Amino acid sequence: MSAPSLTTVSEAKAFGGKQFVYSHSSKETGTDMRFAAYLPPQADRGDVPVLWFLSGLTCTEENFTVKAGAQRVAAELGIALIAPDTSPRGDEVPDDPDGAYDFGKGAGFYVDATEAPWSAHYRMRSYIETELPALAGQALPLDMTRQAITGHSMGGHGALTIALRNPDRFRSVSAFAPICSPLHCPWGDKALTGYIGPNRAKWREYDACALIEDGARVPAILVDQGLADNFLAEQLKPELLEAACDSSDIKLTLRRQEGYDHSYYFIATFIEDHMRWHAERLAV
């Protein structure tokens, strides 16, 4: 099932389908990259629609794969799950000099960096938007005319911005506790200053609220946000996304969940809702 350009790191049967981890050489990042792919049993009979999941700070392709419990529903619905890594890896890849978790390795923010030394490898926007879909679409039994995207925290920011920049590619977009406006939070200020530079006008293409203000549109967005999330007030700010969608023609369903935090317990609780929401729009 895998093409010569993919190396199978692991595979395991799950709910009648197969959970894979693949590695490959990336031209965009100049490194070896890994991603997880769950192929439901329906993939044995033909191409299946795909839901992309973008993970948050400190995560790899493994977090969603082993913690979210999404494979059972994916097998029922006949949807493939693709979970990329969150940054380039390797000894040659620069990291935050202070070892901070919110910049450098594990914190690619789904941008194409323009500032040295990050610009040599931190090209996660082009990797997710262009390189990996082309590779996965050629190597795996995926129906690339039916794609959806979701993500968590930094990955929720990635999912929203990528969908808003590519409305013809994705039939639907959702997010779990997304960083709604990197222009207005400390995580975003640090990451975009470091990767893109101090000119805040250049940050707008990496901010969901700014993209909407500048005319980007998708038909609808589903967001779940835990009210016990310790990052809610300072970093996530869903009220900014709510205001941006209210002033546009985007239907936002923002579900504020009492007592839920920022963890994968939160994601595991609501992932089935999101998958069924996407399935409706993928015409599954």
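A search of the whole structure finds 22 salt bridges, a salt bridge being a side-chain nitrogen of Lys or Arg within 4 Å of a carboxyl oxygen of Asp or Glu. Before you start, note that this is a predicted model, in which local features need pLDDT of at least 70 and side-chain atom pairs count only at pLDDT 80 or more, while totals for chains, interfaces and linings use all residues. Residues are numbered from 1 along each chain as its sequence is written, and side-chain values use heavy atoms, with hydrogens and water left out.

**Exercise 1.** Find the salt bridge between R89 and D85, and decide how exposed each partner is.

*Solution.* 
- Step 1: The two side chains meet at 2.9 Å, N to O.
- Step 2: Recall the classes: buried means under 20% relative accessible area, exposed over 50%, and partly exposed in between (1.4 Å probe, protein chains only).
- Step 3: R89 has 27% relative accessibility, so it counts as partly exposed.
- Step 4: D85 has 4%, so it counts as buried.

**Exercise 2.** Which residues are linked with R276 in a network of salt bridges?

*Solution.* 
- Step 1: Start with E272, whose closest O atom is 3.0 Å from the closest N atom of R276.
- Step 2: R276 and E272 are four residues apart in helix α9 (residues 264–281), so about one helical turn separates them.
- Step 3: R276 is partly exposed at 30% relative accessibility, and E272 is partly exposed at 25%.
- Step 4: Now widen the view: R72, E76, E272 and R276 are linked in a network of salt bridges.

**Exercise 3.** Work out the strand order of the sheet, and find its edge strands.

*Solution.* 
- Step 1: The sheet is open and has nine strands in the order β1-β2-β3-β5-β4-β6-β7-β8-β9, with mixed pairing. Two strands pair if DSSP finds at least two bridges between them.
- Step 2: The edges are β1 (7–14) and β9 (251–257), each of which pairs on one side only.
- Step 3: From one strand to the next, the twist averages 20 degrees. Axes here are lines fitted to C-alpha atoms, for helices over the stretch in contact, and angles run from 0 to 180 degrees between N-to-C directions.

**Exercise 4.** Is strand β5 (residues 80–84) enclosed or open, and which strands pair with it?

*Solution.* 
- Step 1: Five of the five residues of β5 are buried, so the strand is largely enclosed by the rest of the structure.
- Step 2: Check each face: A80, I82 and P84 are buried on one side, and L81 and A83 on the other. In a regular strand the side chains alternate between the two faces of the sheet.
- Step 3: β3 (residues 32–39) pairs with β5 in the antiparallel sense over four bridges; A36 has A83 as its bridge partner.
- Step 4: β4 (residues 48–54) runs parallel to β5, joined by three bridges, and L51 is partnered by L81.
- Step 5: β4 is also joined to β6, in parallel, by six bridges, with Q147 in β6 as the bridge partner of V50.

**Exercise 5.** Describe how helix α3 (residues 124–139) sits on the sheet, and locate its kink.

*Solution.* 
- Step 1: α3 lies across β2, β3, β4, β5 and β6, at about 55 degrees to β3.
- Step 2: Twelve of its 16 residues are buried, including M124, Y127, I128 and L135.
- Step 3: The buried residues of α3 pack against β2, β3, β4, β5, β6 and α4, where contact means heavy atoms within 4.5 Å.
- Step 4: The kink, of about 35 degrees, lies at L132, shortly before P133. The bend at a residue is the angle between axes fitted to the seven residues ending there and the seven starting there.

Note on methods
Helix = DSSP H or I, 4+ residues; strand = E, 2+ residues; numbered from the N terminus.
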